[in-house]
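Please open the model in your viewer and keep the selection panel at hand.

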Amino acid sequence: MADRGEDQDQDQDQDAEVEDELYEVVDITDYARRHQWWSRVFGNNSGPIAEKYSVATQIMMGGVTGWCAGYLFQRVGKIAATAVGGGFLLLQIANHSGYVQVDWKKVEKDVNKAKKHLKKRANKAAPELNSFIEESSEFVKRNIVLSSGFVGGFLLGLAS
């Protein structure tokens, strides 16, 4: 009986070795270091982004990403506006038809309560917001070519 257990263990070890032999282990990080596709496309410089790529490349990269962002912003904005507008329209029709009764005094009270809560939270978030704005403006100043390409692409994306 003990021999059978040892035989099974040996068979499992041999199966594991056979499986290991079937698969070749590839170090992806090493492969990525040697075959960087972006190095072939954009060059092999190092340093800040403003110095790394040519002006044309920066404008192209900013323009393409800006166009994608603008196009998505436009599409999502239209869907959101349609949903909100349609919801208000249905609510007004239901209210006019008598299906829904709105307690406007309660709505006004809740809106005022929400305004007070938002003002408190906005005052607490002001330092964090100011630091974010400062960091963003520094990024734009350091990468003015990329940023201008993004803005142009964003406006084109909104228009398309």
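Begin by selecting Phe150, which is partly exposed at a relative accessible area of 34%, where buried means under 20%, exposed over 50% and partly exposed in between, computed with a 1.4 Å probe on protein chains only. This is a predicted model, in which local features need pLDDT of at least 70 and side-chain atom pairs count only at pLDDT 80 or more, while totals for chains, interfaces and linings use all residues. Residues are numbered from 1 along each chain as its sequence is written, and side-chain values use heavy atoms, with hydrogens and water left out.

Phe150 and Phe154 form a stacked aromatic pair, 6.2 Å centre to centre with 20° between the planes; rings of Phe, Tyr and Trp (its six-membered ring) pair if their centres lie within 6.5 Å, and planes under 30 degrees apart count as stacked, over 60 as edge-to-face and the rest as tilted.

By this rule the count comes to 3 aromatic pairs. Now select Phe73, whose ring centre lies 5.8 Å from that of Phe154 with the planes at 50°, so this pair is tilted. Phe73 lies in helix α5 and Phe154 in helix α7 (residues 144-159), so the pair ties together parts 81 residues apart in sequence; helices here are DSSP runs (H or I, at least four residues), numbered from the N terminus. Phe73, Phe150 and Phe154 form one aromatic cluster.

Finally, select residues 55-97 to show α5. Among its buried residues are Gly62, Gly66 and Gly70, whereas Phe73 is exposed at 55%.

Definitions and conventions: Helices (H or I, at least four residues) and strands (E, at least two) are DSSP runs, numbered from the N terminus. The expected span of a helix is 1.5 Å times one less than its number of residues.
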